[in-house]
Amino acid sequence: MMDIWVAGVGEIPCRPIYDDMDFREMLYRAAVKAYFDAGITPAEVDGVVSSGMDFYEGMSITDSYTPDQVGGRLKFNTLVSNDALNAIIHGCMLLKTGHFRTILVTAYAKASNILNYSEIVLNSFDPHVIRPLTPHFYTIAALDARAYLTNSGCEARDLSLVAAKNKRNALRNPSAAFAENTSVEEVESTEVVSEPLRRGHVAVPCDYAAAVLLTTEKELGKVRVEAFGYAAGSYSPDLSLKTWGQSGWARAALDIAFKQTRLRQVDFVEISEPFAHSELMALDAFGVIRESICKTLRDGGFNIDGHLPVNPSGGCIGMGYPLNAAGLQRLVQSVNLLRTGRWNSCLVASPDGEVVDGGAVVVLRVEA
Amino acid sequence: MTRATPSRFSPNYLQQLPEDLARYIQRHGLDKEFGRLESWASSMEKRYMEIGEWQIDNLVLTYWHIACMYRHTAGAAFSRFLKGLKNGKILGTRCEGCGRVLIPPRTFCEWCFKDIDTWVEHPGAGIISTYSLSYIGTDPRVRFEKPVIVAVVWFDGTVKKANSSRTVLHAAGILHKVQGVGPEEVHVGMRVKPVWRKPEERVGSILDIEYFAPLESDV
Ligand SMILES: [Zn+2]
């Protein structure tokens, strides 16, 4: 089997708003850092895979604007309209064909450009039976949260445990926009947006850009891509077939990854969590913990010094939620965390959006 | 932000629709929505949605007005360019690596993959490198009686050709409209210059240049 490596990563820190740069300038900064990190030039890259959603970007066919600012001019270029972790998977698959040696994966979020984000998300629902009810997507997420809490035996307060943990973890992360030395009580005191969700349980959209260089050249490799998987869950646009309170995609995606590796235990998990319960729902579905999720959470098992740290980077709640770039945000943080030498392997996961039952997983490992 | 785009709804649009649907749209005033640019203020006040039922035989349509609103950050390069236009100046950047002048400007060079921070001002004269006489607008079925001349203008002194051939590798050029010349006279290579709006009318938009017109020597 052909091994795939992360050769370099680059990002610009998450911020509520980058008013001084457009998305091209943001991506250029991130790409320059990735090339520097990898020690290669754009001449050595064979193609670019990006993640993008035209509705988020307010521009049709944005992938035609991708290549120039990331060194991809006159090269193979493709775009996936999924979360950016899926773009990583597409990059890996291109490398596995043997026709590419090095692929650059990019994604950005310019959430500050979107004036009515909740309406954009509303337009992802069926125009006949869902949209006329004009539910805010926090409310759709809250239905998931309620169902999950009911199924799992967790309590609403556990959501505050997740949020407080991630905001505190983010204090160590210079790329985080919403780090805070906060307490569970403080999160509990934030306003209710849609029961059981409080303002403090929601990851705030942010501006962000990231670039990751993948390669088949071992000499360039910093971290190995051990396995990857993607699955769509049970989902219909009218939501009638959605399995509430469950991340159906998570286990299915992990099973695909398990076919590529014998690794069954990782040192930490990075998972995009647009909402606090998204983290718990996915962890539950992964089945990586034998004990109950809420007990482990309450015992501090998912803390940075716990036996399975979850979102030691601060996650999306601590860093900011960069829309479809969340998966690349997770991957960059994971690579950086692995390179500290503290951990040797991790599971990276990212759902395809706030209320979408679909998502990707990637397993990363550093050679001992 | 009010006078950025001159596009307006054209009644001809309805001609392409089935008669019943066109009638339905007109009866509910939905035709007034089409293609019309409103100020941010009025578009924020717009009703959140409108649902109507319209039936022909067994067909039911749900009308949904997608109200997506964005504010596009111009970024470092375009911001300075647009501010320049407001002051009646055409600003660009020059890459010290390959020597290219970029108008509109970029703060990075996609050839050299390097930062660019050298700014230049251009007087604005150039040649038409390609053009088209356009009889159609973005509204379906709209036809202009007199064609609009859309052209790419290459600014003087910015054209880089390959040493061994006449192939143009790069030119700083922008897409704009050409006026002051008939459809019969316009041609590739015609020398043109920008015609500016009055200073008090300029807002920092590509439309601060009203159009390009032939240089007197070329008429
Ligand atoms: Zn250059």
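**Cavities, a helix pair and a pocket**

The second largest cavity in this predicted model has a volume of about 70 Å³. Of the 14 residues that line it, those closest to its centre are A:L27, A:S50, A:T62, A:T66 and A:Y108. Helix 1, strand 2 (47–51) and strand 4 (102–110) of chain A each supply at least two residues of this lining, and strand 4 of chain A gives the most, with three residues. By class, the lining of the second largest cavity has six nonpolar, seven polar and one charged residue.

The largest cavity, with a volume of about 160 Å³, is lined by 19 residues, of which A:S247, A:S278, A:M281, A:E354 and A:V356 lie nearest its centre. Helix 5 and helix 9 of chain A are the elements that give two or more residues to this lining, and helix 9 of chain A gives the most, with four residues.

These two helices also pack against each other: helix 5 (residues 137–152) and helix 9 (residues 276–286) of chain A meet at an angle of about 50 degrees, with their axes 10 Å apart, which means that helix 5 of chain A is oblique to helix 9 of chain A. Their crossing is left-handed, and the contact is made by A:A141, A:D144, A:A145, A:Y148 and A:S152 of helix 5 and by A:H277, A:L280, A:M281 and A:D284 of helix 9.

Turning to open space, the second largest pocket holds about 550 Å³, and among its 27 lining residues A:D68, B:L102, B:P104, B:R106 and B:E110 lie nearest its centre.

Note on methods
Residues numbered from 1 in each chain as written. Chains lettered and ligands numbered in written order. Predicted model: local features only at pLDDT ≥ 70, side-chain atom pairs only at ≥ 80, totals over all residues. Heavy atoms only, no water. Axes fitted to C-alpha atoms, helices over the stretch in contact; angles between N-to-C directions. Parallel < 35°, antiparallel > 145°, perpendicular 65-115°, else oblique. Left-handed = near helix turned anticlockwise from the far one by under 90°. Contact = heavy atoms within 4.5 Å. 1 Å grid on protein atoms, 1.4 Å probe; cavity = no way out; pocket = protein on both sides within 12 Å on 5 of 7 lines; lining within 4 Å. Points joined across faces, edges and corners; volume = space filled by probe spheres on them. Nonpolar A, V, L, I, M, F, W, Y, C, P; charged D, E, K, R; others polar.
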